[in-house]
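Open the structure and find each spot as you read.

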Amino acid sequence: GERRVLTLLFSDLAGFTAASERLPPDAVAHALNAYFSRMTHTVHQHGGTLDKFIGDAVMAFWNAPLPEPAHATRALACAQAMQADMQALRAQWQGTAFEHVQLRIGLHTGEAAVGHLGSHERFTYTAVGDAVNTAARLEGANKAFGTGVLLSEATRAALPPDAPERAHLLWLDTVVLAGRSTGLSVYTPCDDAALVTTSLALRQHLLAGDWRLALVRCADWQAHARLLAPQWQAHADQLYARVQALAEAAAQAPAAAVQFSARALDKS
């Protein structure tokens with residue numbers, strides 16, 4: 001094996017296990033085959049290496065075994081294409097127990113050990129390391145935000161500075177994933193340019209500790225959500241409450257070091 005920077009993708013079907021409990025095994029196998037066939041084709045179309053299936057989860061990565069300079073860009077495009085595939089599958093599954101199953105995807109970029117791993121009797125080509133664990137945790141973190149794709153700051157930073165994809169990444173929060181001690185910023189694809197701009201400005205004000213301007217941006221997000229993006233209303237309200245608490249703490253103790261703290265997410 002070797003150490004290499006990879007962009008890793010984990011996907012999982014939310015609600016699939018519960019739906020499977022009400023069906024015979026052959027019906028479950030048929031649905032999984034349809035799902036895996038589509039996802040495998042899409043990963044390969046985008047130049048990814050399909051690592052393995054884990055239950056109803058898919059693990060893939062980019063930049064190994066062959067070098068791929070645009071690994072982050074191709075992985076993000078693959079994640080979005082997989083969501084389009086999932087829409088087609090849900091249409092195909094109308095009237096069955098799987099019609100409301102959702103796909104969650106986590107993306108992270110980092111250094112991993114990649115190569116053949118296993119025993120003398122059986123081995124496989126795979127990637128291991130903290131970056132792999134982070135990608136897997138990001139998949140599960142979608143549940144906290146109600147998102148379908150969640151990517152880390154590291155994956156966003158790996159995109160070219162002038163990449164058009166950057167203009168479609170909404171900053172959501174700084175989170176501490178289960179089993180970790182440090183926070184990381186997380187993003188999700190979003191076609192609402194005004195909301196993306198608001199979120200990025202909010203993040204900059206939070207990093208600078210400018211609570212007054214941060215509250216203004218939170219209020220902008222709330223107003224935008226009320227009119228055009230109701231799916232973000234609860235999230236905007238939560239951000240406003242957190243920032244307002246920081247502003248009040250800073251006003252009561254001006255000399256104290258008040259910082260925007262990462263939101264802890266549990267494993268569930």
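**Notes on helix pairs and cores**

1. Start with helix α6 (residues 193-208) and helix α7 (residues 211-227): their axes come within 8 Å and cross at roughly 160°. Axes here are lines fitted to C-alpha atoms, for helices over the stretch in contact, and angles run from 0 to 180 degrees between N-to-C directions. Helices are DSSP runs (H or I, at least four residues), numbered from the N terminus. So α6 and α7 are roughly antiparallel to each other (that label is for angles over 145 degrees).

2. A word on the source: this is a predicted model, where local features need pLDDT of at least 70 and side-chain atom pairs count only at pLDDT 80 or more, while totals for chains, interfaces and linings use all residues. Residues are numbered from 1 along each chain as its sequence is written, and side-chain values use heavy atoms, with hydrogens and water left out.

3. Back to that pair: α6 and α7 make a left-handed crossing (the near helix is turned anticlockwise from the far one by less than a right angle; clockwise would be right-handed). Which residues of α6 and α7 meet? From α6 there are A194, L195, T198, S199, A201, L202, H205 and L206, and from α7 W211, L213, A214, R217, C218, D220, W221 and H224. Contact means heavy atoms within 4.5 Å. By class, this contact has 10 nonpolar, four polar and two charged residues (Ala, Val, Leu, Ile, Met, Phe, Trp, Tyr, Cys and Pro count as nonpolar, Asp, Glu, Lys and Arg as charged, and the others, Gly among them, as polar).

4. Now try helix α2 (residues 25-45) and helix α3 (residues 71-92), which pack at about 155° with axes 9 Å apart. That angle makes α2 roughly antiparallel to α3. The crossing of α2 and α3 is right-handed. Among the residues in this contact are Y35 of α2 and M86 of α3.

5. You'll meet those two again: in the largest nonpolar core, with 66 residues, Y35, M86 and L107 touch the most other members. A nonpolar core is a set of buried Ala, Val, Leu, Ile, Met, Phe, Trp, Tyr and Cys residues joined through side-chain atoms within 4.5 Å. Apart from it lies another core of 12 residues, including F10 and M59.

6. Leaving aside neighbours within four places in sequence, R156 is in contact with L151, R166, L169, Y187 and L200.

Conventions
Helix = DSSP H or I, 4+ residues; strand = E, 2+ residues; numbered from the N terminus. Parallel < 35°, antiparallel > 145°, perpendicular 65-115°, else oblique. Buried < 20%, exposed > 50% of the residue type's maximum accessible area, 1.4 Å probe, protein only.
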